[in-house]
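Here's a quick briefing to read alongside the model. Keep the viewer open and follow the residue names as you go.

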Amino acid sequence: MSKGFVEAEYESGEAGAEGMRRLDREGQAEAFDAIGDRYDEAFPYKKGQLAAAEWLIGSLAGGARVLDLGCGTGLPTARQLVDAGFEVVGVDLSRRMVELAREYVPGATFRRLDIADLGPGGPHDLGRFDAVAAFFSLLMLPRGEIPVVLRMVHDLLVPGGLFALSMVEADVDYFTIPFLGNAIRVSGYLRDDLREVVEQAGFAVVEESSYTYAPEISDVPPEEQIFLNCVRRG
Amino acid sequence: MEPHPRADTNTAPPAAGAPAERGRGQPKRAPEAQSDRLRFLDLAARRIARGVEPDETLRGLYEAAVPAFADAVLVHLREPPAAREGQSDEPLVLRLHSFAQGPEGVVSAASAGGAGPVRPTVSGAFAELLLGRRPVFGEVPEIEAVVSELLEPVAGVSETGAPGRRLIIAPLYGRRHLLGAVVLLRAGGRSVFEADDLLVAAQLATYTGLGVEASVPSGREASAADALQLRMLPSSLPETTGVRLASRYLPAAETSQGGGDWYDAIPLPGNRVALVVGDVMGHSMTSAAMMGQLRTTVQTLARLDLPPEEVLYHLDEQAQRLGSEHMATCLYAIYDPISQRLLVADAGHPPPVLLHPDGSGEVLQVPPGAPIGVGGVPFETWELPAPTGGTLLLYTDGLVESRNRDVWTGMELLRGRLEAVAARVAPPPLDMLCDAVLTLLDPDALDDDVALLAARFDGFAPLNVAYWFLSPQPQTAGRARQLTRRALHRWGLGSMLDATELMVSEVVTNAVRYASRPIALRLLRTDVLRCEVGDDSPQVPRMRRAQAGDEGGRGLFLVDQLALRWGATMLSTGKVVWFEQEIPEEYRQHCQEGADAA
């Protein structure tokens, strides 16, 4: 897939409420354009994330098709999955992150796309997947959109497909926080609420773990990270 | 408990002054001679510094020096003790205080009463020599007249004939005045002192002099400005988890006026700590007073939890309001033991030095902004890693700059000294490090006062913290209770559940009432369990008596009753209400390992 094709995907303007949503989302993406490699410097030792990808690797057959939703720099997850022999598609809305991911993980395919546009029959339907990983990416959405995206992930998966999700535990809805010298908006649920939202979207949670994680940067406080390993029901 | 340095249990004599059995045919100077001297000096400094009264200080000197460095050591103190040089033509009178000798270093005090066995009156060349501050060998002609008198108590050690290079006489100085003399003697069978041993003797005498003087009531001789200065420095440093601190302050030797150096350490929310060092230019009553005002201002700004560049900006503004005749330099840093990061902003101050855990020293490249008092200049904050086990040293220019040494040379010497100490003891105890650093000072050129603040980064493991953001809603207090319960169970602190839940609930309820943005709930576990609730309302809650029928208002009374300590601090972004409970001994650090799989 050529770079030029992908970069052209968001050139057309949109109006109305949808247009506002896009602008807002683009702002989030621009923060990550600015952050670039510093993201991995501030969040090293992704123990929980590595373990969750290991769960996918141990559960999937060779050559399985995996979607990395909000792939960032492609590290560590996309690389881990490529090294395990899977066909990996990474998606991120940040242009810079997609550039870095292509450089760091040449074995995967990366697309600059909005999560919300990936649904079956939507503008950028990427086909069905055996597994989806969404590590700390759905927290960039307003709370109202999260159940919708979870349902979409459900529909992107083959029956019995796997879903590895991680979020930061918080009870906030699209709350602006300083983040690596930028401002981003984040949403979160407390653990039990998150589980409920995920189950209602048609998943069975097979494993739940949490970690206290202290980013190596002064403007991001320590966080409680929740990892849910899920299977598509129905 | 810090590990003791090797040398503590087994005093290694400096190689160059080693006993004669080393063999006369060997090279005069083993390659390790210098580092052995340093090791000896560090041990000596700590022994001498232990004393809180003159006798103890001197006992420290004897223990350190006999027989490791000399076979006999005598201390003669001046009589009367407080005379000033240059103001009197009276001859110097020395009186033997005590001495130590022999392989066991037996200490003898001079007999009590005015008529001691040795009471040399020194004048002329020898007095000049003492006032010159430098130690000399026994071979200089000025000593001949007094040497037998000085050595009389240890006549058995000193053999017939001129002691020559087996004798060193080191003037004993306090911060300003000659206090007496230290006499060091080697027995005939031992190799003579070398040139470098004069430096060792100078350092021994410096430690001893400062120790003796510090332990003598000094009100009468310290100037008012000195007193003001000392009173305005922190009487003690805060004890926070995640960082250990030590400090030193030395007034200038020559000026009788106080300087404007200060240092400070201020605890901040989230177990962070602000580290401050500053220097008001000039030496006068007003610079000491100015220092007091700036220090107070920095403290106030720090407690608002402003970022470093804003602390300096507002400090600059305040300095201009106080009057522009005084400029100051200031370095403001925040250490966060959880993220293990350091934020630094600098207003014209010399850069801090970081001693890395691997023993390498680094002068931190923090671009200096304009000094405080210039006005209208923005400052910048720099963020750096703060590795656990590392030591940050903040200091004033008096440490690195003198009339004999430029500031850059001084900083390199400082870096080298830190590395030298770390090479011997890893990690070096903070007090040892501070004392070793002070030996950089040339007692002859102590033109400026010196402030020193050392911070050892201990870090704070993430598994001992729990942080959440919670939107303020009616059910938030209940959710905070639930999260607290979970964290306490994870830490094996179930026995503290009831009281903690109750207090968290009260404080969160109060925060929810005023907050418009999500509140922060933080739990931190050390020997105490600390809970912090932050919100964006600056209104600090006050404890008030609840009236009959009041729904709220009882919360802080409960906290006051149940908590070991509590407080409420206004911040630039709102406020933090915190409380602490002691963790019963048997539950401390109950679970140390890994993540908790639910």
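This is a predicted model: local features need pLDDT of at least 70, side-chain atom pairs count only at pLDDT 80 or more; totals for chains, interfaces and linings use all residues.

Residues are numbered from 1 along each chain as its sequence is written, chains are lettered from A and ligands numbered from 1 in the order in which they are written, and side-chain values use heavy atoms, with hydrogens and water left out.

**The two chains**

- Chain A has 8 helices and 9 strands; helices (H or I, at least four residues) and strands (E, at least two) are DSSP runs, numbered from the N terminus.
- Of its 234 residues, 59% count as buried, where buried means under 20% relative accessible area, exposed over 50%, and partly exposed in between (1.4 Å probe, protein chains only).
- Chain B carries 14 helices and 23 strands, and buried residues make up 55% of its 598 residues.
- Take the contacts (heavy atoms within 4.5 Å) between residues at least 6 apart in sequence: in chain A, 70% join residues at least 24 apart, and in chain B the figure is 71%.

**Where the chains meet**

- On the chain B side, 26 residues are in contact with 25 residues of chain A.
- About 2,300 Å² is buried between the chains, with carbon and sulfur atoms giving 52% of that; buried area here is the accessible area (1.4 Å probe) that two parts lose on being put together, summed over both.
- There are 4 salt bridges between chain B and chain A, a salt bridge being a side-chain nitrogen of Lys or Arg within 4 Å of a carboxyl oxygen of Asp or Glu.
- A:E224 and B:R490 form a salt bridge, with their closest N and O atoms 3.2 Å apart.
- The elements giving two or more residues to the chain B side are β12 (341–347), β18 (465–470), α12 (476–490) and β23 (596–597) of chain B.
- The largest share of that side, 6 residues, comes from β18(B).

**Nonpolar cores**

- The largest nonpolar core has 79 residues, and A:L67, A:L138, A:F163 and A:F179 touch the most other members; such a core is a set of buried Ala, Val, Leu, Ile, Met, Phe, Trp, Tyr and Cys residues joined through side-chain atoms within 4.5 Å.
- Strand β5 (residues 157–168) of chain A gives the most to this core, with 7 residues.
- Apart from it lies another core, of 52 residues, including B:L245, B:V277, B:A319 and B:L394.

**Residues worth a click**

- A:Q80 sits in helix α5 (residues 77–83) of chain A and counts as buried because its relative accessibility is 13%.
- A polar side-chain atom of A:Q80 lies 3.1 Å from the backbone oxygen of A:L50.
- B:V243 is in strand β8 (residues 243–250) of chain B, and its relative accessibility of 4% makes it buried.
- B:C434, in helix α11 (residues 430–438) of chain B, is buried at 0% relative accessibility.
- Setting aside residues up to four places away in sequence, B:C434 touches B:A246, B:R248, B:L452 and B:A454.

**Salt bridges within chains**

- Over all chains, a search of the whole structure finds 35 salt bridges.
- A:R195 pairs with A:E208, their closest N and O atoms 2.6 Å apart; A:R195 is partly exposed at 28% relative accessibility, whereas A:E208 is buried at 9%.
- B:R244 and B:D458 form a salt bridge at 2.7 Å between the closest N and O atoms, linking strand β8 of chain B to the loop between β17 (450–457) and β18, 214 residues apart.
- B:D535 and B:K575 form another, with the closest N and O atoms 3.1 Å apart; B:D535 is buried at 6% relative accessibility, and B:K575 is buried too, with a relative accessible area of 1%.
- Salt bridges that share partners join B:R522, B:R530, B:E532, B:R565 and B:E580 into one network.

Definitions and conventions:
A polar contact is a pair of N or O atoms within 3.5 Å; within protein, one must be able to donate a hydrogen and the other to accept it, and residues adjacent in sequence count only if both atoms are side-chain atoms.
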